[in-house]
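Hi there,

Here is the structure I promised to pass on to you. Have a look at it first, and then read on for my notes.

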Amino acid sequence: MYNSVGKRVPRYDGIGHVTGRTQYVSDVKMPGMLVCKTLRCPYHKARIRSIDVSEARTSPGVYAVITKDDVPHNLFAMVPDHHVLAEEITRYRGQNIAAVAAASRDAALDALARIRIEYEELEPVIDPEEAIKDGAPQVRPEGNNHLFDGNSLTRRIRRGNVEEGFREADFIVEGRYTTPSQEHAPLETCCTVAYVDAPGRLVIHSKAQGLYFAQGDLANVFQLPLNRLKFIGGTIGGGFGGMNSIHTDHIAGLLALATGRPVRFALTREEEMLFSTIRTPWIFRIRDGIRRDGVITARQVSVLHDCGAYTELGLYAVEKNANLIAGANLIRNLEVDSRMVYTNKMPSGSMRGFGVNVGQYAEQVQLDRLAHTVGISPMEIRFINAFHTGDKNHTGNELASVSTIETLQKVAAMSGQTLPEKYLAWSSAPLSPNTNSGK
Amino acid sequence: MSQILRFHLNGNPAEVMAGEAETLLDTLREGLGLTSPKCGCNRGDCGACTVILNGNAVKSCTVLALTVEGKSVWTVDGLVDGERAGEPEGGESPAPRSLSGHKLHPVQTAFHEYGAPQCGYCTPGMVMAAVAFLDRNPSPTEEEVKDALSGNLCRCGGYKKYVQAVMAAARGEFDPLPERSGRNV
Amino acid sequence: MREYEYHAPLSLERLFELAEAEGMEVRFLAGGTDLMPRISAERNQIPRDRKPPMRIIYLGGLGLDEVTDDGESVTIGATASLSALLDNGAVRTKLPALHEALREMAGVSVRNTATIGGNIMNASPAADSVPPLLVLGAECLLRSAAGERRVALSEFFTGPGKTVARPGELLVSVTVKPGRGGSAFRKLGRRKAETLSVVNAAACVELRDGLCESVRIAVGSAAPVVVRCTGAEQALVGKKIDENSVREAGALVVKALSPIDDIRSSAWYRARVAPTMVARALLAAAERKRG
């Protein structure tokens, strides 16, 4: 009856994978392909006093050397504030400063050794809680704090009246939660092969997860009309969000334009680990008011997102986090204040549920502590506060289809927990006076 | 500088120039244009470059190319049988066991059937680790399979299916395992 | 870019000629699992300093991979692969601590390439083969153009990455006299497989009338070199090896250690888990002796 349900459905590309015939970007080879290597900033923050690439340009096997002055429009990314090649003040260790295209890897690295560069090391700020303080070293000329809508330090969500909610509470529970950096480590590192084709289009074999985002973004960097910029995607050796940011496409493209030859730019594993975008750290403070019966009467959340040196996808992560940090609980009195701060580190990228799962870690641990405080089980507190169909979520959207309670019932069954009878009878159907009591 | 390297690749004699400090992985990929062994870490951690050297699974990024002089190397490319498998017979659509009509190794068929590869970048290395292992131990336990694949990282998290698929290949769920072939010189 | 030379001598005479190389860095290559990643990393760096050419001398053509058992002692050729040793009957039956260590080293595909000599000469304080060899009283045979000498493994390491071997001197084999003791190895890594040790420990116990007659304890990855823990050893002599005595001995182990914070663990944690690993190794070794 079904063509697919309950049956094995072979992947269309599975045979290619098991026979090693699938072509990844790192497998693309072109005749006369040049190798790109970049010079990266060795300091967390520095002023580039002078840079001289003349000797590198005449180094054997070198076809092009580029710095910021060779980039038509030196800004890219979803929020286009990221420099393709560093300006006078570098912002994170490993930031690209110059790039070489040469006949071989050895020739490219030799040329990089011949770039004469004078740095003045500047004091960086690494810790996000230091970075928000007055007088902290400035990561960016406009300051370390991201201003939402151009003027507010925080992205705010307000519902009800938290002061009233706290007065109603029998207990106040406060928690501070932090999450560290995390690298995606896809098995295939970032890689691009770029060339100019016969009709004069710049062709980019890209690992991008969003080819059209990358195309629009880079058309601006190259100052090329979209019809002169062709992206070729396909199978990639893992992304996990990391390939939503551009790591190699821009520089390979610039060098292909500069040399008229195919250029390959692949990161080493070390570069990928140290210098590509990551899931950056977060700090959460949650203050809850809870009644003896387990109902959360008020919640105040303050979030600090360490965005690294450029916005990249950090802003999007903060928006998602702010919307979902209060969890799948109906909390009538809520305040969320989310801040985003810049530090001298690699920028914040997307990574598997970015902004959401880090917040849920904090929220779920906090829920367990609430349950412990009032002496009920971790399951119970989730039942008591669960959303129902028809409830309004914390940003005011009416929830059309909720299954929190059914999910909890299933989880309890699967994990061998016995639930009290009354919770087995509950459902996520719209709440009426005759069903789930206590609210 | 480089030297001439002569060895056996997938059962055929191969001759290539290899640099004095070059890894076997680079020689296979760059010198011979064989891109099935993948480079994930270039430091012996991830296993994406696993090939079979004189019958043993090895990480080709940790092997100096010139040391394989006179030895036998198999990559996933060498597993596809030279014989034509023939057209599938009518009726139930059989498990896909061919590439352009060439037979696959049962490990390859099992990986495909069990949907083990996701992005697929670790797959050629996983195949070679599994094939070398089954050549030695054709009726393993699940624990032994896990141990055999422990040097191969899959960032998509497909480990469970890879282990299930190796067990399926071992019990002959698709085609019987071939006799220890020329891979074990 | 640095230059590299490659040689695969077929005799020791030729090897020692090649090892005399003015103005070059000479490196012996056995399996390559440590050296090749280092070379590859170096070749991916911007060449800021001029480095002398590296002469790589491959040891695979010298037939130094044999294991011989003369009844009293087992001699392991330096280029024997870890996998070959795992499959070796003498290693399995007579050197159980070493066998246990080999099983927990890296994964199959690294063990197929990596050699016992490489693990020793790399001189990592975390080398898993070293604590078992140390408690089994291993002796290294070094050879050079000038002749050969034997050095007890306990005298062999002088610091992380450093040994008493002189430039041009080759580790030919390592000899172990298993004696009457029961031995065991325990490892704590960050994962179950493909992991370097946070702390490892080996013990070799001889019993008489159910009491400890002599014991050797070695702990790795908790000091600049793998260390013997003589204080803990002395405390056990004459006692029954049981939960209580190994716990007391474990507490004394810490005095022999000087752990550091590194990428794998903290000094604090290492100092706290080392006694546990030692205790486990001791109990397993004694159990093995009792049979």
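Predicted model: local features only at pLDDT ≥ 70, side-chain atom pairs only at ≥ 80, totals over all residues.

**Domains**

Let me start with chain B, for which the domain assignment gives two parts: domain 1 covers 2–78 and domain 2 covers 80–170. Between them, 15 residues of domain 1 of chain B are in contact with 13 residues of domain 2 of chain B. On the domain 1 side that touches domain 2, strands β3 (50–53) and β4 (56–59) of chain B each supply at least two residues. That side of domain 1 of chain B is made up of 8 nonpolar, 4 polar and 3 charged residues.

Chain C is divided into three: domain 1 (4–58), domain 2 (67–176) and domain 3 (182–290). Taken over C-alpha atoms, the centres of domain 1 and domain 3 of chain C are 36 Å apart.

**Contacts between chains**

Chain C touches chain B through 26 residues, which are in contact with 25 residues of chain B. On the chain C side, β1 (4–7), α2 (35–43), β3 (54–58) and α6 (108–111) of chain C each supply at least two residues. The largest share of that side comes from α2(C), with 6 residues. By class, the side of chain C that touches chain B has 13 nonpolar, 9 polar and 4 charged residues.

Chain C also meets chain A: 5 residues of chain C are in contact with 6 residues of chain A. The chain C side of this contact has 3 nonpolar, 1 polar and 1 charged residues.

**A helix pair in chain B**

Two packed helices are described by the angle between their axes and the distance between the axes. In chain B, helix α2 (residues 106–113) and helix α3 (residues 123–136) pack at an angle of about 130°, and their axes are 9 Å apart. That angle makes α2(B) oblique to α3(B). The crossing of α2(B) and α3(B) is right-handed.

If you want to display the contact, select B:Val107, B:Gln108 and B:Phe111 from α2(B), together with B:Thr123, B:Val127, B:Ala130, B:Val131 and B:Leu134 from α3(B). The contact of α2(B) with α3(B) counts 6 nonpolar and 2 polar residues, and no charged ones.

**A sheet in chain A**

In chain A, 5 strands form an open sheet with mixed pairing, in the order β9-β17-β16-β15-β10. Its edge strands are β9 (154–159) and β10 (171–179) of chain A, each of which pairs on one side only. On average, neighbouring strands of this sheet are turned by 10° against each other, direction ignored.

To pick out one bridge, look at A:Ile157, whose partner in β17(A) is A:Val336.

Which strands does helix α9 of chain A lie across? Helix α9 (residues 314–324) of chain A lies across β9, β16 (296–306) and β17 of chain A, and runs at about 165° to β17(A). Helix α10 (residues 356–374) of chain A packs on the sheet as well, touching β10, β15 (282–290) and β16 of chain A. The direction of α10(A) makes about 150° with that of β10(A).

Methods. Residues numbered from 1 in each chain as written. Chains lettered and ligands numbered in written order. Domains from an automatic or database assignment. Contact = placed C-beta atoms within 7 Å. Helix = DSSP H or I, 4+ residues; strand = E, 2+ residues; numbered from the N terminus. Nonpolar A, V, L, I, M, F, W, Y, C, P; charged D, E, K, R; others polar. Axes fitted to C-alpha atoms, helices over the stretch in contact; angles between N-to-C directions. Parallel < 35°, antiparallel > 145°, perpendicular 65-115°, else oblique. Left-handed = near helix turned anticlockwise from the far one by under 90°. Pairing = 2+ DSSP bridges.
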